[in-house]
Amino acid sequence: MPCDVKPRFVILYGSQKGQAQSIAEGIAEEAEEHGLVADLSCLSQNDMYNLEKEHAPVVFIVSTTGEGEPPDNALRFVRSIKKKTLSNDHYKHLSYALLALGDTNYANFCNCGKTIENRLKQLGAKQFYATGYADDGIGLELVVDPWLEGLWAAIKGTLSNMASDNASDSAKPDVQFNLLTSAASDLRPAISAESPDLASQSHNAANGDAGVPHVELAASLTRSVPPLSESTLNVPVLPPPYLDISLQEGDTSEQMTGPPNKDSLHEVPISKAVQLTRGDSVKTALLLELDISVSMAYQPGDSFDVFCPNRPAEVDELLCRLGHQNQRNHQVIISLRKDTKKKGAVVPPHIPEKVSLLFLLSWCLEIRSVPKKAFLRALVEHTADGAQRRRLQELCSKQGAADYNLYVRDAGLGVLELLRAFPSCSPPLGLLVEHLPRLQPRPYSAASSCLRHPGKLRFVFSVVNFPACSGRPAGRRGLCTGWLFDLINPGLVFPGKAESSGCPALPKIHVRLRPSSSFRPPSDPSVPFIMVGPGTGVAPFIGFLQQRENERQNNPKAAFGETWLFFGCRHKDGDYLFREELEGFVSSGALSQLKVCFSRDPREDEESVTSAAQPRYVQHNLLLHRRHVTDILLRQNGYLYVCGDAKNMAKDVNETLMEMIKTELEVDQLDAMKTLAGLREEKRYLQDIWG
């Protein structure tokens, strides 16, 4: 008898940090359950697919990085479809669906997905399923989960139409799912996880309650309340394991001590460390100076990556929890399971061969990354206690999405904090290697110009502190900022103190330059520009102004445009960073206007937040000077640079700019938005922001 041939479709992904890839792999793994075959490829693997001849449905899963750019592994594909030589019917045979991942805290939300989709339409491709725009700012799963549920029916319908040669050109309009409107029919079977575990949970809660008044328990990371605690759950499909991992005794005395790719990095000494904040400031801001005289060159506006390890205490605790505390120096041997059903399975490329277990957990895996729902689902299988199993099932279920966001995602819990909260969970090492992403370097902006400080690179950071929460009884410091603080603490120079020749030598760190293509001062010095940088967001503008001051000294007869800086901090006497240097820029003429505000200092009119005499935030100062700002931007073709917090400041500044444009140009909201979009396209409204 002839064997049945399963219908086929194609999945293509572009991913910077692994989220889009993980979703694409999940679709490929689930395809078999729907009687389908999925051909999975990365967009960079152009020898694995051929869209010019592809007639099966194609599903794109793409993220966006930087200032709206495609991920590195999608860049070549995006460039190829942008070629002007392609005809309008180049992809008329192609049927596609697209899921775009982005973050509304940043400019150009889902720009890579939108770029691909717009170009596919221009080239004649037909859309067979509504596009999903998933927002990491509020939770990707709010869009991803319902989009995936509806995808299977759409693929099958398209394949059916193709098979009967009766396909209709009825592409659905784009829709943007959200928390209020994304209710979708349940296509996955309901997996009941309630009766035995709920009974166990109720029994445990009731023990010892005799004679004690009933107390209504509140929800937490480890405890749910009705209706969730009484619901039948739709949980994700269990991800199939795909790695074999063993530990072997061996000589690890010559193990590498830095990052895995250290041969491609610059190892540079820290030549100076100064605390910039004073007194009992809420945040501790530090300036570090690196000696780069023999290694690299940079320009103002560039940023660079700092490579740091996981904290030794956390690595030790994780080793103990995994039961491998006595095997820390054993070599880790990783290979693919011969029977794996995972599509496109590969040994993680970020893990070198023959490394020790200690090195693996210290330098290769992001053990503080927030566990994805697929990871939680896998942890269920290694949890002994019934109530804890039930709670993990809830957190990874569709019904428990709100609890997952509140207690896991928004709290920023890592795997170690999760394991502390669920003590009966004992995952194998392989599960962590399969689910934890690569340990990422942390980016910082250059806060100097090599014209002022030859052979030196300065940067500024605040030591990040994560507060205690339901799953974190005690607060903790940020990984990289805490590591840097510990490194330089013995030689730290405090405000008002002279540098001592007796300070201990500071260590070396590994860095990699990230040149900016656009976040730079205008190439024409006569063009005016405005800088908005509260707190440590002022860092790149120190480099801008050092360079401008040097240019003015070397070219006294040249024409220089106006420069404005809007700076803000909490207290004038506590965290006014670079105060003396900024005032010096004003005196020398390098900085035309310095507008400063202090959000926490006492003010005469406490009822007013936007007093003309005492503006509280940088956006209020912008509003006070809207005529000058809009004149520079709209009439003098000047530039605007914004650096700092994405979630609050950058959004507030953007909204303020729209209000200013509406007022000064006497236009409506839509026209103001178009004007701002035009400034972005012209690279005259630029952001260097972080979440």
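Begin by selecting Val-268, which stands opposite Ile-509 in strand β16. What you see is a predicted model, in which local features need pLDDT of at least 70 and side-chain atom pairs count only at pLDDT 80 or more, while totals for chains, interfaces and linings use all residues. Residues are numbered from 1 along each chain as its sequence is written, and side-chain values use heavy atoms, leaving out hydrogens and water.

Next, select residues 266–275, strand β8, together with residues 508–514, strand β16, which pair in the antiparallel sense over four bridges. Strands (E, at least two residues) and helices (H or I, at least four) are DSSP runs numbered from the N terminus, and two strands pair if DSSP finds at least two bridges between them.

Now move to helix α14 (residues 539–554) and helix α15 (residues 579–588), whose axes come within 11 Å and cross at roughly 30°. Such axes are lines fitted to C-alpha atoms, for helices over the stretch in contact, with angles running from 0 to 180 degrees between N-to-C directions. The two helices, α14 and α15, are therefore roughly parallel to each other, a term for angles under 35 degrees. To see their contact (heavy atoms within 4.5 Å), select Ile-542, Leu-545, Gln-546, Glu-549 and Arg-552 of α14 with Glu-581, Leu-582, Gly-584, Phe-585 and Ser-588 of α15.

Note on methods. Angles under 35 degrees count as roughly parallel, over 145 as roughly antiparallel, 65 to 115 as roughly perpendicular and the rest as oblique.
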